[in-house]
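Thanks, everyone; I would like to take a few minutes on one structure, beginning with a pair of helices and ending with a pocket. Please have a look at it first.

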Amino acid sequence: MFIVFFALWVLLNGRWTTEIGVFGVVLAAVLYAFVCAFFGWRPKKDLALLRRLGQLCRYGALLIKEIVSANVAVMRRILSPGAEVEPQLVRFTTPLKSEAARVALADSITLTPGTITCSLENGEYVVHCLDKEMMSGLTDGAFVQALCAMEQEEKKEDRA
């Protein structure tokens, strides 16, 4: 987290001088201490995030790929003359255990064109799909599989 704070400081300044660097280190240290004191952040969480950085990057790449392919599907549907659209409201549950993974799935579904997560309560999702074809993959698609794999890795790390 310290490195993120420092990198943001440098990026937002738009240039590098020794004075900006020194002030950035001090500011990043103060912010890091604040986050540790009041938000329960611990250096162990930084290490866990670094270990999961590869998984997070792969999930981000998967999300971008799905957004692009969904954009193409929606554009094809819009530009097809006489295409019939059959909106659907879908209810489903997933094997995801953590609240963070459930929210990440809900956000990923909403970010993907043609689908909107209407509600997430007690692990049950209600998703509005632009068309019947967009329902496929919601319950056991790539997002769910990737998030389940991330949860399993997190459990392994917690046991170790």
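How are α1 and α2 oriented to each other? Before I answer, please note that this is a predicted model, in which local features need pLDDT of at least 70 and side-chain atom pairs count only at pLDDT 80 or more, while totals for chains, interfaces and linings use all residues. Residues are numbered from 1 along each chain as its sequence is written, and side-chain values use heavy atoms, with hydrogens and water left out.

The axes of α1 (residues 2–13) and α2 (residues 18–39) come within 8 Å and cross at roughly 140 degrees, where axes are lines fitted to C-alpha atoms over the stretch in contact, and angles run from 0 to 180 degrees between N-to-C directions. The two helices are therefore oblique to each other, since angles under 35 degrees count as roughly parallel, over 145 as roughly antiparallel, 65 to 115 as roughly perpendicular and the rest as oblique.

On the α1 side, the residues in contact (heavy atoms within 4.5 Å) are F2, F5, F6, W9 and N13, and their partners in α2 include F23, L27 and L31. By class, this contact of α1 with α2 has 13 nonpolar, three polar and no charged residues.

Turning to the largest pocket, its volume is about 420 Å³, and among the 20 residues that line it, E66, A70, T112, M134 and S136 lie nearest its centre. Lining residues have an atom within 4 Å of a point of the pocket, which is an open set on a 1 Å grid, where a 1.4 Å probe fits, with protein on both sides within 12 Å along at least five of seven lines. Helix α4 gives the most to this lining, with six residues.

Conventions: Points joined across faces, edges and corners; volume = space filled by probe spheres on them. Helix = DSSP H or I, 4+ residues; strand = E, 2+ residues; numbered from the N terminus. Nonpolar A, V, L, I, M, F, W, Y, C, P; charged D, E, K, R; others polar.
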